[in-house]
Amino acid sequence: MRTTTRAVVPAALVGALLLTACGTENAGTPGASRSPVLRGDAGDLEKDGVRITGMGGERSEVPVEFEVTNREGQPFTYTVTVDVLSGSGEVLANGKETVASVPSGRAVRRTVRIGTMTAGAERARVAKVRRVPADEAPAGAEDCPASGFRLTADDGDAAMGLRVVGLHLQNCGDRARRLDGYPLLELLDEGRKPVHGVEVLRGGGDIAGVTGFDAAPQPVALEPGESALARLMWRNTTGAGDAVNAPYVRVRTGAGARPMTVIPELDLGTTGKLGVSAWTKAPGPR
């Protein structure tokens with residue numbers, strides 16, 4: 001009786017073959033991207049519920065396909081940052097994509113298109129994942145949350161270790177609203193757990209002297225379409241102890257108000273202090 005010998009392929013090699021073969025497109029298709037290249041450690045391709053499923057290559061951009069799986073018990077909005085790398089592991093460029101309101105237990109696929117300095121890109125990785133409960137996440141330009149406010153954080157300014165970030169609050173509802181005092185803040189770590197040991201100062205305290213930051217609070221009336229501004233200020237200097245990072249800040253306009261969460265990526269060092277200014281009316285048209 002004839003015997004057939006079956007070659008044994010190491011498990012690691014099988015995994016590599018599957019990764020490099022996944023999502024391959026037909027050669028010769030006009031305008032088709034090259035086959036996705038998913039080489040790399042599992043930690044590069046999957047992180048915090050986000051998994052890279054494909055990568056293409058075109059003359060002007062690199063589209064990276066990924067899947068978001070919500071394992072939480074409620075809808076979440078995800079902000080995903082993806083790096084594209086050279087064969088040696090150098091980060092060539094990155095892109096960011098927000099996936100709004102992913103239902104609990106569901107998986108959603110999206111593509112981030114990275115189009116700057118991507119020549120020589122050979123692989124991709126999930127660089128960062130941030131997730132916020134959908135009912136607290138910043139609303140889109142055409143959406144207005146039940147609170148009647150739309151809150152965003154800007155990219156801020158940084159100089160000599162000093163950071164200042166603006167909180168922009170728009171009245172997107174259909175009636176006038178009133179603010180008085182300071183935003184109420186709760187700092188959260190990467191796991192969205194409360195950060196302890198940081199003193200939130202009303203005003204700049206001894207952090208730095210910034211024009212207008214220590215102005216006394218005044219009542220602010222916002223007609224529909226109008227906006228208010230408050231600012232956060234901190235230093236990222238480090239000394240003895242462990243540095244504190246708080247990616248998320250939950251913000252309430254006042255006691256009893258609905259929380260809204262922004263992602264200013266607070267790198268507080270070991271200073272243990274965060275300053276917040278009072279709400280002021282933002283200049284400009286409605």
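Mentor: pLDDT is the predictor's confidence in each residue, from 0 to 100, and we need it at the outset since this is a predicted model. On that scale the chain has a mean of 85, with 84% of its residues at 70 or more.

Trainee: Where in the chain is confidence lowest, and where is it highest?
Mentor: The lowest value belongs to helix α1 (residues 11-21), with a mean of 37, whereas strand β12 (residues 184-188) has the highest, at 98. Over residues 1-36 pLDDT stays under 50, although the model has 26 contacts beyond four places in sequence for them. Where pLDDT is low, the predicted coordinates should not be read in detail.

Trainee: What makes Arg-177 a charge that sits over the ring of Phe-149?
Mentor: The distance part of the rule asks for CZ of Arg within 6 Å of the ring centre, and for a position within 35 degrees of the ring normal as well. The charged end of Arg-177 is 5.5 Å from the centre of the Phe-149 ring and sits over that ring, so the term applies by this rule.

Trainee: How many aromatic pairs are there?
Mentor: The count is zero aromatic pairs by the rule used here, which asks for ring centres within 6.5 Å.

Trainee: Which residues does Glu-61 contact, leaving aside its neighbours within four places in sequence?
Mentor: Glu-61, in the loop between β2 (50-55) and β3 (62-69), is in contact with Arg-113, Ile-114 and Gly-115. Glu-61 and Arg-113 are 52 residues apart in sequence, yet their C-alpha atoms are 6.3 Å apart in space.

Technical notes. Residues numbered from 1 in each chain as written. Predicted model: local features only at pLDDT ≥ 70, side-chain atom pairs only at ≥ 80, totals over all residues. Heavy atoms only, no water. Phe/Tyr/Trp six-rings, centres within 6.5 Å; stacked < 30°, edge-to-face > 60°. Helix = DSSP H or I, 4+ residues; strand = E, 2+ residues; numbered from the N terminus. Contact = heavy atoms within 4.5 Å.
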